[in-house]
Amino acid sequence: MSADRPQLAVPVGPNDHVVGSDDAAITLVEYGDYQCPYCGQAYAIVKELQNVFDTSLRLVFRNMPLTNVHPQAELAAETAEAVALQGKFWPMHDLLFENQRDLSDAALLRYAEEVGADEKEVASALSQGAVSERVREDVESGIRSGVNGTPTFFVNGDRYDASWALELFQEFLQEVLDQL
Amino acid sequence: MTIKPSDGLVSKGPLQPGTPAPDFSLLAAPGQKVTLSELEGPVVLIFYPADWSPVCSDELSMFESANGLFADRGAQLLGIAVDSVWSHVAFKSNRKLEFPLLADFHPKGEVARSYGVYRDEEGVTERALFVLSAEHEVAWCHVSPIGISPGVDGALRAVEALS
């Protein structure tokens with residue numbers, strides 16, 4: 001890794017959405033946007049990487065809604081965070097990426113209900129500002145980490161600038177694993 | 001930050017920290033010029049190769065997301081590319097960018113040349129960032145590989161280091 005490669009500025013912590021063990025050899029942090037078509041493509045690839053690397057991989061998702069180009073991205077991120085308060089972040093995250101074509105206000109609430117969240121509580125969390133603050137913190141940590149578009153990945157803290165096409169990304173992660 | 005002749009840059013490389021920033025006056029919209037010497041506070045110059053390209057769009061979207069963090073420190077963002085003002089107007093509106101995009105269009109690339117970031121072979125600017133102090137001296141600069149969006153972290157740290 002080159003010395004001036006951007007590094008994750010905020011380490012993975014208890015507030016993060018995490019799948020996998022703290023002992024996993026590889027921590028993959030994704031900064032993503034639910035309305036970004038590239039993030040939609042990356043979603044399937046990340047799923048496959050989780051299958052391939054299994055317990056060796058820990059996945060973290062942080063929000064980077066690019067609101068200037070994706071008008072529903074921020075509300076989608078906030079809704080996912082509101083659902084997360086009820087312990088259902090990952091099913092909601094998956095459902096959003098699987099339904100990127102309809103992220104209207106009504107659809108977002110419908111997805112929240114589908115994953116078993118209480119719709120009233122979600123609406124109330126959305127109106128209180130805590131979830132928007134949470135999304136804003138993710139965006140700032142991403143900016144400070146050198147996120148340069150969506151999706152941006154960090155592998156064990158280093159920004160990954162090469163292709164995230166499945167074969168290439170898998171090869172890279174395997175090399176990281178082999179070197180440990 | 002090192003520029004090799006193979007990178008297509010014929011000039012002597014980007015202006016280095018401590019150099020006074022060359023003044024310029026460029027169109028941001030038809031009939032609306034932005035003049036560096038008339039701006040107060042720190043300025044971030046974002047030279048990018050072309051409107052509409054995917055990498056440039058990512059880069060500028062990230063700066064748009066960070067615009068508030070720069071504004072908190074009194075810093076003004078300015079995008080600069082060689083496209084005409086009409087292309088800039090359409091691109092800015094399409095990508096909903098709040099900060100000005102300046103047309104370094106005629107004579108083409110003159111401002112980019114004065115900052116040492118014009119690529120003669122391709123006729124576009126480098127993907128280069130300059131942070132100018134409130135006194136309009138170059139405080140920091142960074143040239144990225146043309147195909148890689150640089151992110152905002154370096155420029156933000158440089159602006160924060162000014163105060």
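A nonpolar core is taken here as a set of buried Ala, Val, Leu, Ile, Met, Phe, Trp, Tyr and Cys residues joined through C-beta atoms within 7 Å. A residue counts as buried if 20 or more other C-beta atoms lie within 10 Å of its own, as exposed if 12 or fewer do, and as partly exposed in between, with C-beta atoms placed from the backbone. The model is predicted, and local features need pLDDT of at least 70, side-chain atom pairs count only at pLDDT 80 or more, and totals for chains, interfaces and linings use all residues. Residues are numbered from 1 along each chain as its sequence is written, while chains are lettered from A and ligands numbered from 1 in the order in which they are written.

The largest nonpolar core has 97 residues. Those with the most contacts inside this core are B:Val44, B:Leu45, B:Ile46, B:Ile80, B:Phe130 and B:Val131. Two residues are in contact if their C-beta atoms, placed from the backbone, lie within 7 Å. With neighbours within four places in sequence left aside, B:Ile80 is in contact with B:Leu45, B:Ile46, B:Phe47, B:Leu102, B:Asp104, B:Val111, B:Ala112 and B:Thr125.

In chain A, 5 strands form an open sheet of mixed pairing, in the order β1-β3-β2-β4-β5. The edge strands are β1 (17–19) and β5 (158–160) of chain A, each of which pairs on one side only. On average, neighbouring strands of this sheet are turned by 25 degrees against each other, direction ignored. Strands (E, at least two residues) and helices (H or I, at least four residues) are DSSP runs numbered from the N terminus, and two strands pair if DSSP finds at least two bridges between them. Axes are lines fitted to C-alpha atoms, for helices over the stretch in contact, and angles run from 0 to 180 degrees between N-to-C directions.

Strand β1(A) runs antiparallel to β3 (residues 57–63) of chain A, and 3 bridges join the two. In this pair, A:Val19 stands opposite A:Leu59. Antiparallel pairing also links β2(A) to β4 (residues 152–155) of chain A, over 4 bridges, with A:Leu28 opposite A:Val155 in β4(A). Strands β4(A) and β5(A) pair in the antiparallel sense over 3 bridges, and A:Phe153 stands opposite A:Tyr160 in β5(A). The hairpin of β4(A) and β5(A) has 2 residues between the strands, and in it A:Asn156 takes a positive phi near 45 degrees.

Helix α1(A) has 17 residues, which at 1.5 Å a residue should span 24 Å; its end C-alpha atoms are 25 Å apart, which agrees. The expected span is 1.5 Å times one less than the number of residues. The buried residues in α1(A) are A:Cys39, A:Ala42, A:Tyr43, A:Val46, A:Leu49 and A:Phe53. They pack against β2, β3, α3 (89–98) and α7 (166–179) of chain A. An α-helix has 3.6 residues a turn, so residues three or four places apart point the same way. After α1(A) comes A:Asp54, with a positive phi near 50 degrees.

The contact between the chains takes 14 residues from chain A and 18 residues from chain B. The side of chain A that touches chain B has 6 nonpolar, 5 polar and 3 charged residues. In this classification, Ala, Val, Leu, Ile, Met, Phe, Trp, Tyr, Cys and Pro count as nonpolar, Asp, Glu, Lys and Arg as charged, and the others, Gly among them, as polar.

Several backbone features were located in chain B. A cis peptide bond joins B:His106 and B:Pro107, with omega about -5 degrees, and B:Pro107 is found in the loop between β5 (101–103) and α3 (110–114) of chain B. B:Trp52 is not a glycine but has a positive phi of about 80 degrees. This residue lies in the loop between β3 (43–47) and α1 (54–72) of chain B and is exposed, with 12 other C-beta atoms within 10 Å. B:Lys96, also not a glycine, has a positive phi of about 50 degrees; its place is in the loop between α2 (85–94) and β5 of chain B. B:Lys96 is partly exposed, with 13 other C-beta atoms within 10 Å.
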